[in-house]
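Q: I am new to this structure. Please take a close look at one part of it, the aromatic rings, and begin with some background on the chain.

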Amino acid sequence: MKNCFTIFLICLFTNNSSGQIRNFYSEKNPEKNNSYVVLKNDTIFSKTANYKKVIFDNEQDGNDYLKAVFHYKNAKYLKQWKSEVRVYLSKKIDKKLRKEMVHFIKTFPRFKNFKVSIVNNLEMANYYVKGTIGFKSIFEGKNYSEEIIQKSLYNNLNYRLKSDGNGYKSCVLSFHPDKIYDEESFLKKFKIVFFITMGNFQQNYWLKTNSLLNRKVDTIHDLTKFDQRLLRYHYLQLYNESIDVQTFIKEYADYKK
Amino acid sequence: MLTIKNKFALVLCSVFVQLIFAQNQPRSATARYLKIQNYKTIFKLKSINLDSVDHRFYKGDTLIKYDPKPDPNKVLVPFDFRDSSFLDYYVPIAFRLSHDTKDSLKQTMKYWRNDIKIYFSKNITRGVKKEFESFTQFINRNVDSLNIEIVKKIERSNFIVYTSDDYNYESQLKENRNSGYYIYWNRDNQIYKGAIKLNNDEVFNDQLKIAQLKVRFLQSLGHFTFDKRLDCKHYFSNCYSPNKEFTKLDLELLQYHYSYGICKGISLESFKSFHEESNKIKDRGQKIFITHLKSNLRKNN
């Protein structure tokens, strides 16, 4: 009980109401509405954000965008990078492979709210492509056939995307540099996984368009036109709040008429 | 992922009433009265015989005369009134509200009662320390009743910042693959110990570490939850931004949490009833004060 008397609320009843609590706005204050927060020193703060509609080039783009962004349960909300993606590739990566990776990363389009760049210093990066002998496959200790393991994107690739709310802040994409037995196949998987991490995009069978995310098409090795448009739609604006598919369709989606 | 030891505390706040008689005279005589419920709480009485005490009925309340000797160890601080639009943000952040359920009224606010003394493990770089120190100095300069210092000896600390490559100072964070914080609080909801672990696999350079450290530390100052309604640039926003800044709203939320003008460590239920009560009092043109022990007012006093 030693702290019980440290705090008392005391009311002094007086007749003189002047000079009591300064800067207090009553509920009847006409200036007040839901767009503002009244702070102690009369500061008002706007809390509304104006978002544009995402105008899809055509209906198919719109449908495929929804499939790529919201398709699976683990993609309930739209997620975005909130800053330029600055990629550092570890020195342990084979020179030829590294060159291919750099080439692919440089094909990414740049928009006002989305940029990918390569940096030479880990200190500057927020995306770390890491070849490490400490790589642990997601299949380790699990009973899957060799065919499934080899087919999977993640037999020698793994990533950890870290976010706060709906915004990504860092990513580590790792693999075992000594376990790349088919470089072409590995590179293709790398490209898909790298693209996925640009917005928690979903690889699936139901896309109608050619895309790195289209599981039905096995011949795509680079960003397609749709993939570039997908990034443009996705990064038209940065959203503060978490947006689910219903909200997106209702509030943000539209098609070119 | 956050994992926090959950302990609840009870801090007693009581309402005193001071009536002024002889209003038209040049010098007014005053007498203090206490609401009957508060009087019973303070003196631990189950019932009161009104015939034996000086009492009055005032606007629906029964008031009992309260005439304690002036206590030189206590000071009065004006009650910190805030607009409902501000409290609309403060309450969910400080009381960790996610759903407006009945249980949420039992949620309590947590605060540091003593100085925070931070020890950095050996793998925290000079750059991270320096940047973080200027962040804590900003808080020190702007927030009453909160004092943060960096110490060089672990024995002097009550808060440890370490990385996944260091000795695991906080066992509760041992299994945590992500960066995170862990704090302990007592029955009075006073936080007395804490730790932040930075996972090097996740925050792999100083810039990421600094950003993570600032956010988690701010969170650990009151076991705050972040608000998804706020723009990402705010520290109290549940949304990542590489360019967080201490906005006026952020600062005011923290200042209010550590203000001497509110009751600390209380439940949401108490907080709400105090505000309802204080608004009524304010609307009647009356003043409200909080008494504190002088020894509690460490800064700026």
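A: Contact here means that heavy atoms lie within 4.5 Å. The model is a predicted one. In chain A, 70% of the contacts with a separation of 6 or more are accounted for by residues 24 or more positions apart. This chain has six helices and eleven strands, and 48% of its 257 residues count as buried. Its accessible surface comes to about 13,800 Å², with 49% of that belonging to carbon and sulfur atoms.

Now to the rings. A pair of aromatic rings is described by the distance of the centres and the angle of the planes. Over all chains, a search of the whole structure finds 50 aromatic pairs. One of them joins Tyr235(B) and Phe246(B): the ring centres are 5.2 Å apart and the planes stand at 40 degrees, so the pair is tilted. Tyr235(B) and Phe246(B) both lie in the loop between α4 (206-220) and α5 (248-257) of chain B, so the pair ties together parts that are eleven residues apart in sequence. Both Tyr235(B) and Phe246(B) are buried.

In chain A, one aromatic cluster is formed by Tyr51(A), Phe56(A), Tyr65(A), Phe70(A), Tyr233(A), Tyr239(A), Phe248(A), Tyr252(A) and Tyr255(A).

Rings in chain B also have charges over them. Arg82(B) has its charged end over the ring of Phe86(B), 5.1 Å from the ring centre. The charged end of Lys193(B) sits over the ring of Tyr184(B), and there the distance to the centre is 4.5 Å.

Conventions
Residues are numbered from 1 along each chain as its sequence is written. Chains are lettered from A and ligands numbered from 1 in the order in which they are written. This is a predicted model: local features need pLDDT of at least 70, side-chain atom pairs count only at pLDDT 80 or more; totals for chains, interfaces and linings use all residues. Side-chain values use heavy atoms; hydrogens and water are left out. Rings of Phe, Tyr and Trp (its six-membered ring) pair if their centres lie within 6.5 Å; planes under 30 degrees apart count as stacked, over 60 as edge-to-face and the rest as tilted. Helices (H or I, at least four residues) and strands (E, at least two) are DSSP runs, numbered from the N terminus. Buried means under 20% relative accessible area, exposed over 50%, partly exposed in between (1.4 Å probe, protein chains only). A charge sits over a ring if NZ of Lys or CZ of Arg is within 6 Å of the ring centre and within 35 degrees of the ring normal. Accessible areas come from the Shrake-Rupley method with a 1.4 Å probe; for residues, only the protein chains shown count as cover.
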